[in-house]
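Dear colleague,

I am passing on the structure we spoke about, for you to look through when you have time. My notes on it come after the coordinates.

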Amino acid sequence: METLAMSALALGTMAAAWPAAAQRIALSRAKHRSLAGHSRMAKRVASLIPGYSYDEANFFAADDAPAEIVAHRRSGFADLCQLLGERHAKTIAMSDQARDYLPDMQFTGRYRVPFQFSPYLRSHLKLGSFVQSSSGVTLEDLDGQRFMDLTGSYGVNVFGYDFYKETIAEGIARVAELGPVLGTYHPVVLEVIKRLRVISGLDEVSFHMSGTEAVMQAVRVARYHSKRTHLVRFCGAYHGWWEDVQPGPGNPLPPRQTYTLQDLSERSLRVLETRRDIACVLINPLQALHPNMSAPGDSTLVDSSRRAGFDRAAYTAWLQKLRRICTERGIALIFDEVFLGFRLAPGGAQEYFGVQADLVTYGKTLGGGLPVGVVCGKREWMQRFDEKRPADLCFARGTFNALPQVAGAMLSFLERLETPQVQAIYTDLDKTWNDRAELMNKRLQQAGVPVRVTNMSTVWTVLYDTPSRYNWMFQFYLRAEGLLLSWVGSGRMIFSLNYSANDFEEVTDRFCRAAQAMRRDGWWWDGSQLSNKEIRRGIFREMWARRRG
Ligand SMILES: Cc1ncc(COP(=O)(O)O)c(C=O)c1O
């Protein structure tokens, strides 16, 4: 009898435990199989990778190219070093002075290329990081050299730098009488709120100082109102540098109450449908360009396996499914439009994909050139107190929130957005930029170079057709042609919407010339029989050997 009772108890315990076990399994199955989908493991793997670098011989012949090719590479590299060194001498000298005191510059300089190549490259190919003026689509460095800007200033530059010079000046002038008074509001704030409510289709607006802060706030109110613990982000998505949204390498702390799920996956939908601890789902619509992958940077461009491609219909269908499930399950759907807001459409990604979120974060360009983060949300998610429990607050403040100068520049930005001239820029925007990408691909094909581009509107990525260990060199050939990329290199080129057809023609010419020069200098060596897989295996063997000393 006693045994029977115990078996019944054991069965009962198992039955109770089973849903939890099933949920755990469902969660594991909803992770993307890459390291980006397994942040703990990625951290462990990162800690095992040994530091080492190539000497001169390896730098030029990491793919075992024959002497003749290596000689081409050496002479091409020497020419590049000389050209950039002489043309940008003053800018390089100032960068050299600043580097030791600017950890940011040390970091970006180091991670422009795969780490094995970085020390030799840095000691020979000097780059400048200072600029002194902007105009049209160009930037000028301290040597008076003009670059066509493809950095997009981390996405802030949507309408061209001249536009932001105006919004900054006008915005600051609007509030000049008040100065930096905080805690009360300048009347421009009300005007900003009115416009953001219309654009977002949401009830309330809160102001912050950066995109990261806006995301923190959106997640915080979602946790507060849902009384649930976990946020869901999708594999590879960037949402700022706050711990909870940046699990894995890059963040000293392990992920806490964060689930990183596979993008565009039915298994992830099952998790959302069954778990009870999910407060919110964060969407960065830029992931539509490279689902489940981190932003493509040249520091990880060890071969030619970079893939990207935007399928608007598939991503729209995915967002619609997420919308439905979040509504059913009382989960807050958060669109993080800090990067893409106002780039795709005047109403942002919500308008572009036709999906209404519960909370939306904006930042970057919305500040009209000044730093900002904004959360727009439905009233039931935005409140920071509970009428029924007055001591249960959701505290969120920030000294500089709604700083008059930022609010002024924001209003100037939003007012310009309403003008027919700016609205006209959005007409056929996708078609314009898709046509331009197609044109560039045609020209690249005609030039016989193993390079292609792919895009999501004005955000572009360079892809490489034949296996190579040296694709990361391309960013420097582009620089030699006067095309400036951000430190992440050819993985991300951001065009501002003021690039005219002529400007674009010029970019295409320069881009093709850079690719031809790179090919001529032997970096894309036809004789190499290596596949991408073999390249990666070779690097793995090399790391393993280094680890074993
Ligand atoms: C989608 C997204 N969210 C949040 C952030 C963080 O914004 P900030 O750098 O202003 O903190 C970024 C920055 O690149 C972003 O792209």
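Predicted model: local features only at pLDDT ≥ 70, side-chain atom pairs only at ≥ 80, totals over all residues.

Residues are numbered from 1 along each chain as its sequence is written, and side-chain values use heavy atoms, with hydrogens and water left out.

Taking a salt bridge as a side-chain nitrogen of Lys or Arg within 4 Å of a carboxyl oxygen of Asp or Glu, the count comes to 33. One of them joins R312 to D430, with the closest N and O atoms 3.3 Å apart; R312 lies in helix α12 (residues 312-329) and D430 in helix α17 (residues 429-447), so the pair ties together parts that are 118 residues apart in sequence. Helices here are DSSP runs of H or I with at least four residues, and strands are runs of E with at least two, numbered from the N terminus.

With buried meaning under 20% relative accessible area, exposed over 50% and partly exposed in between (1.4 Å probe, protein chains only), R312 is partly exposed at 37%, while D430 is buried at 18%. R275 and D277 also form a salt bridge, at 3.1 Å from N to O, and both residues are buried.

A402, in the loop between α14 (379-382) and α15 (404-417), is buried at 10%. Leaving aside residues up to four places away in sequence, A402 touches Y185, V189 and F207, contact meaning heavy atoms within 4.5 Å.

Best regards
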